[in-house]
Every structure is written in C-alpha cells, then in structure tokens.
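Subject: Structure for your review

Dear colleague,

Please find below the structure that I am handing over to you.

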Amino acid sequence: MAVHHFTPHGMLQPVPYHHVAVGTGTRHVHVSGQIARRPDGTPVAPGDLAGQVAQALRNTATGLAGADADFSDVLRLTFYVTGWAPEKIGEFMAGVEAVAEEISLPVPLPPASLIGVDHLFEPDVLVEVEATALLD
C-alpha cells in the first residue's frame with residue numbers, strides 16, 4: 001500500500017478525516033476540481049449541497065479510476081464550497097455518506113480541507129473536489 005492514513009494520539013478527535021497521510025509510492029495522480037456535472041455537462045442536483053457533494057465525489061472516483069487508482073491511494077482531498085457556513089456541515093456530510101459505499105470512499109476520509117469560497121466558475125456550482133493520490 002502506497003498510502004498510510006492515521007491520526008496520532010494528541011490530535012483533535014473525532015473528525016471525519018485522518019490528520020496524516022504518509023505516501024511511499026512514486027507515481028503521483030492529481031485529479032482536478034470535480035463538480036456536479038454529468039459527462040455531457042448537464043448539472044446534477046442544482047441547489048442541493050449534499051447532492052452536489054455526492055456527484056463531485058463520484059466524478060473524482062472516475063478520474064482516479066482512469067489513472068488505475070482509487071480512494072485508498074488518496075493522500076489528500078480538498079473541498080471548495082460556496083457560501084460556506086458551519087451549519088452546513090450536516091448537509092455536506094450527508095453527501096459524503098450517501099456515496100461513500102458506492103465509490104469505496106473510506107470513512108474517516110483521507111486528510112482533507114474544506115475551504116469556503118464566494119464563487120466557483122459557474123453560479124450553480126456549490127462544491128468542487130480535488131484529489132491527490134500516490135501509487136507504487
């Protein structure tokens with residue numbers, strides 16, 4: 001296994017992600033910001049944060065698979081969410097939980113950051129997901 005995820009004793013717990021990932025592989029995979037769109041560009045789950053999180057993660061899984069990787073190879077996830085407020089965490093996590101089994105997304109997640117932004121590239125896009133993976 002090229003990636004080992006863990007949370008050392010003494011770090012904030014519980015959180016829905018590991019704090020540390022150690023990679024030992026040599027091949028890097030970077031999946032660009034994925035949004036809630038079908039391959040033809042059709043929006044998925046307009047106005048629904050949970051639905052957009054789920055679809056963006058599905059698209060991220062597809063990108064990883066294209067590089068012969070999966071979420072077990074992911075060192076880090078970065079989420080960009082428009083209009084973020086702490087009270088949205090339940091809806092955000094509902095999207096993660098709705099798709100986790102389907103795409104073999106480990107819970108807790110790999111080290112992750114959730115960054116609130118004013119806007120993404122189109123007004124209906126609520127979330128974008130980026131992944132960095134390491135393979136042997």
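**Overall architecture**

The secondary structure of the protein comes to two helices and six strands. Please keep in mind that the model is a predicted one. Read from the N terminus on, the elements follow the order β-β-β-α-β-α-β-β.

As for its dimensions, the C-alpha atoms fill a box of roughly 40 × 35 × 25 Å, taken along the principal axes. A compact globule with 136 residues would have a radius of gyration near 14 Å, and the protein, at 15 Å, agrees with this. Of the 136 residues, 43% count as buried. The accessible surface comes to about 7100 Å², and carbon and sulfur atoms account for 55% of that surface.

Among the contacts with a separation of 6 or more, 74% are between residues 24 or more positions apart.

**Charges and salt bridges**

The protein carries 6 positive and 16 negative side chains, and the centres of these two sets lie 2 Å apart. How many salt bridges does a search of the whole structure find? The search finds three.

One of them is between Arg-37 and Glu-122, whose side chains meet at 2.5 Å, N to O. Arg-37 is in the loop between β3 (27–34) and α1, while Glu-122 is in the loop between β5 (112–117) and β6 (127–135), so this pair ties together parts that are 85 residues apart in sequence. Are these two residues buried or exposed? Arg-37 has a relative accessible area of 12%, which is under the 20% limit, and therefore counts as buried. Glu-122 has 33%, and is therefore partly exposed.

Arg-37 also forms a salt bridge with Asp-124, where the closest N and O atoms are 3.0 Å apart. This pair again links distant parts of the chain: Arg-37 is in the loop between β3 and α1, Asp-124 is in the loop between β5 and β6, and 87 residues separate them. Asp-124 counts as partly exposed, with a relative accessibility of 27%.

A further salt bridge joins Glu-102 and Arg-58, with 2.8 Å between the closest N and O atoms. Glu-102 belongs to helix α2 (residues 89–103) and Arg-58 to helix α1, so the pair ties together parts that are 44 residues apart in sequence. Glu-102 is exposed, because its relative accessibility of 52% is over the 50% limit. Arg-58, at 27%, is partly exposed. Through shared partners, salt bridges join Arg-37, Glu-122 and Asp-124 into one network.

**A residue in helix α1**

Finally, I would draw your attention to Thr-60, which lies in helix α1 (residues 49–66). Its relative accessible area is 0%, and Thr-60 is therefore buried. Which residues does Thr-60 touch, not counting those up to four places away in sequence? They are Val-31, Gln-34, Phe-71, Val-129 and Ala-131.

With kind regards,

A colleague

Note on methods: Residues are numbered from 1 along each chain as its sequence is written. This is a predicted model: local features need pLDDT of at least 70, side-chain atom pairs count only at pLDDT 80 or more; totals for chains, interfaces and linings use all residues. Side-chain values use heavy atoms; hydrogens and water are left out. Helices (H or I, at least four residues) and strands (E, at least two) are DSSP runs, numbered from the N terminus. Buried means under 20% relative accessible area, exposed over 50%, partly exposed in between (1.4 Å probe, protein chains only). Contact means heavy atoms within 4.5 Å. A salt bridge is a side-chain nitrogen of Lys or Arg within 4 Å of a carboxyl oxygen of Asp or Glu. The radius of gyration is taken over C-alpha atoms; the globule rule is 2.2 Å times the number of residues to the power 0.38. Accessible areas come from the Shrake-Rupley method with a 1.4 Å probe; for residues, only the protein chains shown count as cover. Lys and Arg count as positive and Asp and Glu as negative; His and the chain ends are not counted. The place of a charge is taken as NZ of Lys, CZ of Arg, CG of Asp or CD of Glu.
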